[in-house]
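User: Hi! I have a structure to go through with you, and I would like to work through it by question and answer. Could you take a look?

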Amino acid sequence: MDTTADLQKTPLHSLHLELGARMMGFAGYDMPIQYPLGVMKEHLHTRAEAGLFDVSHMGQILIRAKSGNVADAARALESLTPVDVMGLKDGRQRYGLFTNDQGGLEDDFMVANRGDHLYLVVNAACKQADLARIQAALSDSCEVEAQFDRGLVALQGPAAESVLASYAPQAEDMLFMDVANLEIASTPVVVSRSGYSGEDGYEISIPAEETERVARLLLDDERVQAIGLGARDSLRLEAGLCLYGNDIDQTTTPVEANLEWAIQKARRAGGDREGGFPGAEVILKQFDTGPERLRVGLQPSGKAPVRAGAELYESETGGEPIGTVTSGGFGPSAGHPVAMGYVPAALSATGTTLYAEVRGKRLELAVAALPFVKPSYKR
C-alpha cells in the first residue's frame with residue numbers, strides 16, 4: 001500500500017473523514033480501510049443488508065468507433081482481450097482480461113455495450129497503463145475517452161435492490177450484468193447490476209460533483225452502511241474472486257488462474273474469431289494440454305488464518321515449496337479461515353491435503369472448492 005504524502009483523493013474523501021474512516025494509501029489514493037463499525041461487522045452487514053463502497057479510484061474509460069458503429073469498437077478491442085466483446089448485446093456487461101504476448105494477465109476489467117460505445121471499468125493501479133494500451137492499439141479506428149474524474153460507488157447486499165429502487169424503480173427490473181442509464185434524485189447515473197462481493201448489488205457511475213450527494217442519499221437509508229476496503233477484500237475472497245496483483249498478474253495465464261470461463265467459444269480454437277489477441281498461442285494451447293499449475297481455494301484445518309505469501313508444501317516436514325498462497329484471511333460469513341493460491345495441477349483436486357508454512361510452522365490445509373460463500377446474483 002502507498003505511504004506517500006501526495007495521495008489522490010476521490011470525490012467522497014471528505015465524507016469518509018466525516019464518517020470516521022481509518023484511511024490508508026491504496027493504488028495512489030487515500031482510501032477508507034474501515035469505519036468505526038469495524039471490518040468484521042462491515043462484512044456481515046453487507047451480507048445481511050447493504051453496504052456502500054467507494055470505488056471511485058478505479059478507472060472508467062469510454063471507447064467509440066469513429067465509424068459510429070459499436071461493433072467496430074468491439075472488434076478493435078478484441079485485439080487486446082480474449083473476451084467475446086462483439087457478442088455483447090446492447091445493455092449488457094461482462095468480465096474481461098487484458099493479456100500480454102506471454103499469455104499473462106495485464107489487468108482484469110468490466111466491459112459493457114452501451115449501444116453507441118463501450119464502457120470499461122479497470123483497476124486503479126493499472127488504469128494509466130490500460131488507457132495507454134487502448135489508445136496505442138485503437139486510436140486509428142476509435143476515440144478513447146478517460147473518465148477518471150467520475151465517481152463510482154458499489155451498493156452491495158440483499159437490500160441493495162430495494163434501496164436503489166426507492167430512487168430509481170427501474171433498478172428492480174435489471175438482472176445480473178445489465179447496464180442502464182438511471183436517475184437518482186435528478187442526477188443521471190450509469191448503473192450496472194454487478195459488484196465484487198458475491199452479493200446482489202449495483203455499481204453506480206456518478207458525475208464527480210454529484211457523487212457525495214448521491215452517496216449521502218443512499219446512506220440515509222438505515223439498511224445501508226459505509227464499508228471500507230478491508231471488508232471488500234474479505235467479501236471478494238469468500239466469493240472466490242481474484243484481486244489483481246495478488247491472485248493474478250503478468251505471470252499468470254487465464255487458464256492457470258481458473259478463469260477459462262471468461263474466454264467464450266468464439267475466441268477459442270475453432271471459434272468464429274479464434275485467437276487474434278496477445279498470447280493467444282500460449283493460452284489456447286493450455287486449453288488443450290492443461291496448465292502446469294492452477295489457482296485453487298484453500299481451507300486451513302485450524303483457526304489460524306494463512307496469509308498471502310505463505311509457501312505451500314506437499315508434506316508436513318522437508319521438501320521444496322510446491323506453491324504459494326496469494327490471498328488469505330478469516331472468512332466472517334464462512335466462519336473459518338479462507339485462502340486462495342497456486343498449486344501444481346496434479347495436486348489441485350478438492351480435498352487434497354497440503355501444508356502452509358506460517359512463522360516457521362507448517363499448518364495443514366485442504367484444497368477447497370470455490371467460492372466459499374454461494375453468490376446471490378439476480379439472474
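This is a predicted model: local features need pLDDT of at least 70, side-chain atom pairs count only at pLDDT 80 or more; totals for chains, interfaces and linings use all residues.

User: Which element gives the most to the lining of the largest cavity?
Analyst: The lining includes Leu12, Leu15, Tyr35, Phe53, Asp54 and Ala226. Helix H1 (13–18), strand E3 (50–54) and helix H6 (211–219) are the elements that give two or more residues to this lining. With three residues, the top contributor is E3.

User: Which strands each supply at least two residues of the lining of the second largest cavity?
Analyst: This second cavity has a volume of about 40 Å³. Its lining includes Tyr119, Val121, Val190, Val191, Glu203 and Ile204. By class, the lining divides into six nonpolar, three polar and one charged residues. The strands that each supply at least two residues are E7 (118–122), E11 (187–192) and E12 (201–206).

User: How many disulfides does a search of the whole structure find?
Analyst: Let's take Cys126 and Cys242 as the pair to check. Cys126 is in no disulfide, and the nearest cysteine sulfur to its own belongs to Cys242. The sulfur of Cys242 is 13 Å from that of Cys126, which is too far for a bond. Over the whole structure, the number of disulfides found is zero.

User: Which residue's side chain is joined to that of Asn181 by a polar contact of 2.2 Å?
Analyst: Asn181 sits in strand E10 (residues 179–184), and its relative accessibility of 57% makes it exposed. Leaving out residues up to four places away in sequence, Asn181 touches Arg114, Val189 and Val190. The side-chain partner in the 2.2 Å polar contact is Arg114.

User: How far apart in space are Asn181 and Arg307, C-alpha to C-alpha?
Analyst: In sequence, these two residues are 126 residues apart. In space, the C-alpha to C-alpha distance between Asn181 and Arg307 is 40 Å.

User: The side chain of Gln147 makes a polar contact with the side chain of which residue?
Analyst: Gln147 is in the loop between strand E8 (142–146) and strand E9 (151–156), and it is buried at 16% relative accessible area. Setting aside neighbours within four places in sequence, Gln147 is in contact with Gln60 and Leu62. The polar contact, at 3.4 Å, is with the side chain of Glu145.

User: How many of the 10 residues of helix H7 are buried?
Analyst: H7 spans residues 229–238 and is mostly covered. Its buried residues include Leu229, Ala231, Leu235 and Leu237, and Arg232, Arg236 and Glu238 are among them too. Gly240, with a positive phi near 70°, follows the helix. Of the 10 residues in H7, the buried ones number eight.

User: What is the relative accessibility of Met177?
Analyst: Met177 has a positive phi of about 75° although it is not a glycine. Met177 lies in the loop between helix H5 (160–165) and E10. Met177 counts as buried because its relative accessibility is 13%.

User: What is the phi of Ala27?
Analyst: Ala27 is located in the loop between strand E1 (22–26) and strand E2 (29–34). With a relative accessibility of 27%, Ala27 counts as partly exposed. Although Ala27 is not a glycine, its phi is positive, at about 55°.

User: Which residue does a cis peptide bond join to Leu370?
Analyst: The place to look is the segment after strand E19 (361–368). The cis bond there has an omega of about 0°, and the residue it joins to Leu370 is Pro371.

Key:
Residues are numbered from 1 along each chain as its sequence is written. Side-chain values use heavy atoms; hydrogens and water are left out. Buried means under 20% relative accessible area, exposed over 50%, partly exposed in between (1.4 Å probe, protein chains only). Helices (H or I, at least four residues) and strands (E, at least two) are DSSP runs, numbered from the N terminus. A disulfide is a pair of cysteine sulfur atoms within 2.5 Å. Contact means heavy atoms within 4.5 Å. A polar contact is a pair of N or O atoms within 3.5 Å; within protein, one must be able to donate a hydrogen and the other to accept it, and residues adjacent in sequence count only if both atoms are side-chain atoms. On a 1 Å grid over the protein atoms alone, a cavity is a set of points where a 1.4 Å probe fits but cannot get out, and a pocket is an open set with protein on both sides within 12 Å along at least five of seven lines; lining residues have an atom within 4 Å of a point. Grid points are joined across faces, edges and corners, and a volume is the space filled by probe spheres set on the points. Ala, Val, Leu, Ile, Met, Phe, Trp, Tyr, Cys and Pro count as nonpolar, Asp, Glu, Lys and Arg as charged, and the others, Gly among them, as polar.
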